[in-house]
Amino acid sequence: MLAPASALATTTFGFVLVLSVAVPVAGILLAFTLGDRYVRQVALAVVPLGLAIAGAILLAVPQGGGLIVYLLGAWSPPLGVALRADGLSAVMLATTAIVICAVAVFATTDFRPASDARTSFAFWILLLAVWAALNMIFVGGDLFTLYVALELLTFAAVPLVCLDGRAETLQAALRYLVFALLGSVLYLLGAALLYGFYGTLDMVLMSRVVSAQPGVLIAVALMTVGLLAKTALFPLHLWLPSAHAGAPAAASAILSGLVVKGSFFILLRLWFDVIPGLPSLAATQFLAALGTGAIVIGSVVALRQERLKLLVAYSTLAQIGYLFLIFPLAANALGQLETGQAFAAGLLQAISHASAKAAMFLAVGSIYTGLGHDRITGLGGVARVLPLSVLTFAVGGLALMGVQPSGAAFAKELLLQEATRTGQWWWAAVLHAGGMFTTAYVLLVLAYALAPSDQPIAPIQTALPSRDLPALALAICSLLLGLVPWEPYLPISHDVLPKLFSSDGFAKLLLSVLGGATLAILLNPWRHPLAASSGWKALGKVLEPLRRICFGFGNLVEQADGLLREWAAAGISLLLLGLALAVLMFAAN
Amino acid sequence: MSGVTVFGSFAAAAIGLGLYGLITNPRPLRKIIAFNLVGSGVFLLFGIVGRRGTAAGVGNDPVPQALVITGIVVAFSATALAIALLLRLFQTGGSLTLGSRAPPGPRSDPSGD
């Protein structure tokens with residue numbers, strides 16, 4: 001996507017890219033200077049400013065011919081550092097700004113200076129730090145800048161996990177940090193090897209000279225597994241469930257919606273911009289196979305969780321798997337990656353997940369604050385007490401499930417078309433299964449939340465509109481993403497949209513709803529909300545043997561997940577994945 | 001055997017040993033030290049990369065040195081953050097292993113109120 005001709009000179013609006021990183025950092029410095037009484041005001045002043053900068057980049061990219069560039073200090077690469085933004089970066093910058101904005105409004109009541117000075121100070125500083133690091137990832141033009149940005153992102157994200165300072169969350173944060181460091185050091189090793197071969201780290205310059213030497217393939221394999229560890233693709237997800245489920249709601253929304261997308265974005269840049277000609281069909285199929293594993297394992301374990309936050313965290317694991325299906329679908333007949341429709345669909349899926357998942361985590365946070373617990377089986381009647389929170393969860397869930405015209409539905413339709421076009425029917429099957437699994441856990445939670453309760457619930461805290469409305473807005477954004485005109489930024493043709501609303505599209509939706517409901521009934525081990533009704537009893541007798549088989553399967557999957565979240569297993573699978581990727585790429589080139 | 005080969009083997013050995021320690025050792029402090037060992041190996045590799053053109057008459061390449069210095073700063077910050085977390089974990093009396101127990105059920109209010 002990076003246009004080579006103008007990629008090495010500063011363009012008219014280039015300085016906006018510097019602002020996108022510099023403004024959040026300036027906010028951090030100002031907050032440190034003014035002290036913890038004003039940190040919230042500083043952060044809330046920076047948020048609209050950042051939103052305006054993201055909007056400016058969104059407007060400037062189509063005007064600059066799809067690319068804006070800024071050379072730091074007017075030194076051109078390979079000696080200097082270039083910042084670049086194409087349509088891909090512009091879209092991600094805007095998504096990040098919107099999600100951070102909603103989370104900031106949500107968090108204003110939680111993180112007041114009066115509540116707990118140190119926690120609220122840390123939260124606002126870290127929010128700005130995550131933002132600066134993500135923006136740097138989206139505009140960074142060379143592999144080493146991306147490494148530094150990736151590390152800054154990790155350093156900002158890890159303390160967000162343990163804001164409440166309990167031993168369990170500290171442990172989760174330390175696990176996250178150590179595993180993320182393992183990932184980034186492998187990435188750096190790959191970058192060092194690539195510098196050794198080509199004497200440059202600039203992505204545009206490197207993409208012009210890169211060739212399929214053994215050393216380059218090893219470097220790419222090392223960088224890829226490092227980034228997979230940071231993205232928590234199955235089976236490298238040992239840190240994700242505890243880190244995402246243990247953090248405060250606002251922090252979980254950032255971690256799950258945005259932070260894992262940072263390393264995924266670098267992976268896209270590496271495969272689609274730096275080495276589009278190298279990858280083999282086998283390696284891309286392998287990545288998508290891991291994604292399939294993530295969808296199945298993540299969804300099955302999610303359906304068996306007792307706590308709502310853990311369910312949502314495991315659903316992130318499954319949704320990350322979805323993103324990796326784009327690799328084989330974007331490959332052409334020669335095994336070369338093309339930034340075409342499948343690529344755009346993957347990005348759309350990432351954006352749609354960012355907004356929907358952030359909204360869902362915020363809604364779960366409100367439900368937790370309201371009820372004082374988040375046991376799924378104890379949710380009966382919550383829809384009456386906290387209607388807005390449940391509505392937010394429902395809208396976010398519908399967007400994630402792929403109800404028209406959500407971004408997820410649009411992305412799925414594009415990917416299905418690509419699967420048909422390239423004759424890879426097995427990935428179409430995985431896409432359908434993924435849709436069913438997503439529907440299953442959304443319907444499961446809604447069934448419990450909408451069920452009448454036996455005893456009246458007294459909420460600990462009444463619902464606050466200032467918390468629920470930003471989350472609801474985010475969920476609605478995700479539900480309307482399919483209607484946004486994407487052409488200036490992503491290679492999407494809009495004749496897919498009518499297909500989305502055809503009877504064919506609704507038949508697909510019906511299929512995933514029916515399949516999802518069946519999966520939810522079969523795989524969820526807890527007492528069903530409708531278990532008392534007579535109709536259910538008759539059905540239950542028929543289903544009983546089938547349910548028992550599914551219980552066994554679920555137990556097996558849960559044990560496998562537990563095993564994979566051991567250090568030794570995760571570490572060895574990391575090395576084996578690197579080896580497998582390198583071998584597959586060797587075999588093809 | 002040229003200097004590049006010797007230092008290259010040492011870098012590979014440091015990376016290999018570090019990876020082994022990082023994966024197999026259950027104690028967090030040793031994991032952090034092992035991470036630093038891997039990091040040192042990578043920095044050594046960067047140093048060698050800068051020396052590769054010397055035989056062809058090209059002087060020392062300054063870019064890898066700048067990268068190594070940045071890398072050391074990043075690794076130092078990472079280590080400091082990890083040690084701070086570890087100390088805090090020690091003070092709260094939590095278990096000092098990083099085994100995969102079931103993720104915690106929150107005791108206090110997680111939303112920070």
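Trainee: Which residue forms a salt bridge with Lys508(A)?

Mentor: In general, look for a Lys or Arg side-chain nitrogen within 4 Å of a carboxyl oxygen of Asp or Glu. This model is predicted, and in it Lys508(A) pairs with Glu413(A), with 3.4 Å between the closest N and O atoms. The two belong to distant parts of the chain, 95 residues apart: Lys508(A) sits in helix 21 and Glu413(A) in helix 17.

Trainee: Is Glu413(A) buried or exposed?

Mentor: Buried means under 20% relative accessible area. Glu413(A) has 7% relative accessibility, so Glu413(A) counts as buried.

Trainee: What distance separates the closest N and O atoms of Glu151(A) and Lys230(A)?

Mentor: That salt bridge has its closest N and O atoms 3.2 Å apart. Glu151(A) is in helix 5 and Lys230(A) in helix 8, so the bridge links distant parts of the chain, 79 residues apart. Glu151(A) is buried at 1% relative accessibility, and Lys230(A) is buried at 6%.

Trainee: Which parts does the pair Arg269(A) and Asp86(A) tie together?

Mentor: Their side chains meet in a salt bridge at 3.1 Å, N to O. Arg269(A) lies in helix 10 and Asp86(A) in strand 2, so the pair ties together parts 183 residues apart in sequence. Both Arg269(A) and Asp86(A) are buried.

Trainee: Which residues do salt bridges with shared partners join into one network?

Mentor: Asp86(A), Arg269(A) and Asp273(A) are joined in this way.

Terms used: Residues are numbered from 1 along each chain as its sequence is written. Chains are lettered from A and ligands numbered from 1 in the order in which they are written. This is a predicted model: local features need pLDDT of at least 70, side-chain atom pairs count only at pLDDT 80 or more; totals for chains, interfaces and linings use all residues. Side-chain values use heavy atoms; hydrogens and water are left out. Helices (H or I, at least four residues) and strands (E, at least two) are DSSP runs, numbered from the N terminus. Buried means under 20% relative accessible area, exposed over 50%, partly exposed in between (1.4 Å probe, protein chains only).
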